[in-house]
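Please consider the following structure with attention to its charged side chains. A series of questions and answers follows.

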Amino acid sequence: MRRQKVPKIVIIGGGTGLPVLLRGLKHYDVDITAVVTVADDGGSSGRLRDELHIPPPGDVRNVLAALSDVEPLIEDLFQHRFATGNGLSGHSLGNLLLAAMTTITGDFVHAIREMSKVLNVRGKVLPAANQSVILHAEMEDGSIVTGESKIPANGQKIKRVFLTPDKVEPLQESVEEIEKADLIIVGPGSLYTSILPNLLVPKIGEAVCNAHAKKVYICNVMTQAGETLEYTASDHVKALYDHLGCRFMDTILVNEEGIPDEIALRYKKESATPVVYDIAALSNLGLEIVHDKIIRYEDGVIRHDTQKVAALLYSMIKLDEN
């Protein structure tokens, strides 16, 4: 009896949202590839990037940890961040290990593959490009802000973001995984500084636009000061479309659960409010709208419910198979 084909899922993003989603999806019988941004220039990643001239390891480290299948103590060790120590303060052990492996092998992608073996990773972790990229934002007043970490802090409305160098070579394996996918998931994550830096890598965005897979956008639950202030769900989608020059999404997953007042007040202090899912505008964009109560709270911070979101995404694949 021939074994049923394992569905291939490609997830594109970065930041804190991507690992949350992966922790749920890795428990399903799916072939996962995470395509991760290499535009980070802050904190430990930024320091290693500048000092060692390697791609920033932080987002990759978090994804490796999320997909790992090791004892909790080993994952804790990989994620451990040094609080003190001359030169060590602020660095995570995982970032240092990835940096060391890149130096030893001479190749960031090879380093990720080796660390994936050590951590028994369930899936494949690929950078969008095998080199660092610099993210720039053109603001509404025409000024240019350079650096992923500096863009949200500027406080102005973003007109567009773009990458340098101009001739960034995508990782060919990332392009091929996108082309072979059964389901492509974009998000959740910061729209301009986690998601678009992947899609703007030449041939990555083009591959997503042309892929035959079903494409799902997981919309952020809250707006983000300095990036998506007062954005509705359709504003998020339009920004993606404007940057790629194609309407590539089939489905959007949005949260319909209300936010408790005390948590909403905490976010309001950061100029963040719940994203309004404007059904009429989303329908006009030709999107299938999937709405559910898909959030949980972790120390007063809103996160996507990894089990619930993973189940919804898996059901979309199963429906397509039938």
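A salt bridge is a side-chain nitrogen of Lys or Arg within 4 Å of a carboxyl oxygen of Asp or Glu. This is a predicted model, in which local features need pLDDT of at least 70, side-chain atom pairs count only at pLDDT 80 or more, and totals for chains, interfaces and linings use all residues. Residues are numbered from 1 along each chain as its sequence is written, and side-chain values use heavy atoms, with hydrogens and water left out.

Q: What is the mean pLDDT of the protein?
A: The term pLDDT denotes the predictor's confidence in each residue, from 0 to 100. In this protein, 97% of the residues score at least 70. The average over the protein is 93.

Q: How many salt bridges does the structure hold?
A: Side chains of opposite charge can pair when their charged atoms come close. By the distance criterion stated above, the number of salt bridges in the structure is 15.

Q: How many residues apart are K124 and E177?
A: The side chains of K124 and E177 form a salt bridge, with N and O 3.1 Å apart. Helices (H or I, at least four residues) and strands (E, at least two) are DSSP runs, numbered from the N terminus. K124 belongs to strand 3 (residues 124–127) and E177 to helix 8 (residues 172–180), so the pair links distant parts of the chain. Their separation is 53 residues.

Q: Is E177 buried or exposed?
A: Buried means under 20% relative accessible area, exposed over 50%, and partly exposed in between (1.4 Å probe, protein chains only). K124, at 30%, therefore counts as partly exposed. The relative accessible area of E177 is 3%, so this residue is buried.

Q: Which residues are joined with K180 into one network?
A: K180 also forms a salt bridge with E177, the closest N and O atoms being 3.8 Å apart. Both residues lie in helix 8, three residues apart, about one turn of the helix. Salt bridges that share partners join K180 into one network with K8, D31, R113, K124, E173 and E177.

Q: Which strand contains R160, the partner of E138 in a salt bridge?
A: The side chains of E138 and R160 meet at 2.6 Å, N to O. E138 lies in strand 4 (residues 134–139), and the two residues are 22 apart in the chain. R160 lies in strand 6 (residues 158–164).
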